[in-house]
Amino acid sequence: MKQKVADLDWNDLGFKYRDLPYRFEAKYKDGQWQEGKLTQESTVTLSEGAEVLHYGQEIFEGLKAYRRKDGKINLFRPDQNAHRFALSAERLAMPAYPEDKFVEAVKEVVKANEEFVPPYESGATLYIRPYMIGTSKVLGVEAASEYTMRMFATPVGAYIKGLNPAAYVVSEYDRAAYAGTGQAKTSGNYASSLLPTVEGHEAGFADCLYLDPREHKYVDEFGGANFFGITQDGQFVTPKSKSILVSITKRSLLEVAKRQGLNPVERQITLEEAFKMKEAGAMGTAAVISPVGSITYEGKKHVIHSETETGPITTKLYNELIGIQYGDKTGPEGWVQTVE
Ligand code: PLP
Ligand code: COI
C-alpha cells in the first residue's frame, strides 16, 4: 500500500521504511549502465541464483533532503555520497554508477516525492536510500555481470533520541564491518552488527560502541554512526581507524569544529580516555549529532557529561550543522544543493 501524506504525523515519524509513490531504478547489462528512470514499483524481483542472495554483493548510501524556511528543499553534500558510492562499488567489484547521474537521480526522487519532504521545524527530513545489488545468477564465488541500482525515499524523524543523551554499550562482538576498506557500506557486513544491536536494544541501550578488532583497546565507532568526544581541555577528537566508515557528517563536523576553535583532530582514542571526555556524541546522517549520556562496559556505566542534559559544545555543534543543512546558516562553498 502506497503511503498517503494525509496519514503522516510529521512529529511522530520514527525511522522506518514507507512506500512512497516514486523511486529511481537503473540497470547495468552488457557492460554498461542503461538509462535510469522513476518507477512506482516498490518490489524487486530476483532470480534465486542472484549474486546478492548468496555472496552479498550489495552497497548502499544514506542522505537526507531538508525543507528550508522558504519552502525550498536542500540536499547536504550529495556529491560526497555519490563519490563514496563509487568507491564502495569499486571495493565490491561492482560497476560504479556515474557520480553526476547519482546526484541527478537523488534530485529526481526528491522532486517526485516532494509532498513527503517534512515541514521546516518539524525536526523531520526525507531520507534517501540509494543501493546497488548484483542480480545475475551465480553459483561459484564470482562478481555478477548484471546489477540494479535503486534509490527510494522515506520521511524520517530521529534515528536515536534526537538531541537527548542516549545510553550506549560497548559491544563484546567484533563487527567485521568493511574492515580494511574504510569505505564500503555493505549489507552483508552490517549483518554482523545485528546480533549485538538486538542484544543492546533488549538491555535498553540505543546502540553499540565497537572497539578496534585487533587490540580491543581503541574506540572505533557506533553501529550506525561515528564517535566524537570533547576532551577536558576542549578539543574535538574523533577516532582515526581503518575499520570505520568514512563519514560525511564527521568530515563536515571536523570543519565546523575548526571554525568554532575546537582544534579538531583525528587520532586513536582509548576506551578509558573516552570515559573521561567532557562531552561525547554519535554523528552521522541518520544520527545527526546524538549526545552520549553514558557508555556501559563490562557491566559498569560511565556517565559522560550528563544522562539528561546535552553539553554546551555538543549543542553548539548541532545547531551549526543543522543550521547549514536547513540553509539557515552559510556553510563552506558547495555543501548545500537546492532541489529545483
Ligand atoms: N558509521 C556507520 C557505521 C554508519 O552506518 C554511518 C551512517 O551512514 C556513519 C558512520 C555516518 O556516515 P555519514 O555521516 O556519511 O552518514
Ligand atoms: C545513515 O546514517 O545514513 C546510515 O546509513 C546509518 C543507518 C544506521 C541508518
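A: Happy to. On a 1 Å grid over the protein atoms alone, a pocket is an open set of points where a 1.4 Å probe fits, with protein on both sides within 12 Å along at least five of seven lines; its lining residues have an atom within 4 Å of a point. Grid points are joined across faces, edges and corners, and the volume is the space filled by probe spheres set on the points. The model is predicted, so local features need pLDDT of at least 70 and side-chain atom pairs count only at pLDDT 80 or more, while totals for chains, interfaces and linings use all residues. Residues are numbered from 1 along each chain as its sequence is written, chains are lettered from A and ligands numbered from 1 in the order in which they are written, and side-chain values use heavy atoms, with hydrogens and water left out.

The second largest pocket comes to about 380 Å³. Its lining counts 24 residues, with Gly-123, Val-288, Tyr-318, Ile-322 and Tyr-326 closest to the centre. By class, 13 of the lining residues are nonpolar, 7 polar and 4 charged (Ala, Val, Leu, Ile, Met, Phe, Trp, Tyr, Cys and Pro count as nonpolar, Asp, Glu, Lys and Arg as charged, and the others, Gly among them, as polar).

Where does it sit? Domain 1 (5-156) and domain 2 (166-325) both contribute to the lining, so this pocket lies between them; the domain bounds come from an automatic or database assignment. The domain centres, taken over C-alpha atoms, are 25 Å apart.

H8 gives the most, 5 residues. The 14 residues of H8 should span 20 Å at 1.5 Å a residue, and its end C-alpha atoms are 20 Å apart, which agrees; the expected span is 1.5 Å times one less than the number of residues. Several residues of H8 are buried, including Ile-313, Leu-317, Tyr-318, Leu-321 and Ile-324 (under 20% relative accessible area, with a 1.4 Å probe and protein chains only). After H8 comes Gly-327, with a positive phi near 80°.

Key
Helix = DSSP H or I, 4+ residues; strand = E, 2+ residues; numbered from the N terminus. Buried < 20%, exposed > 50% of the residue type's maximum accessible area, 1.4 Å probe, protein only.
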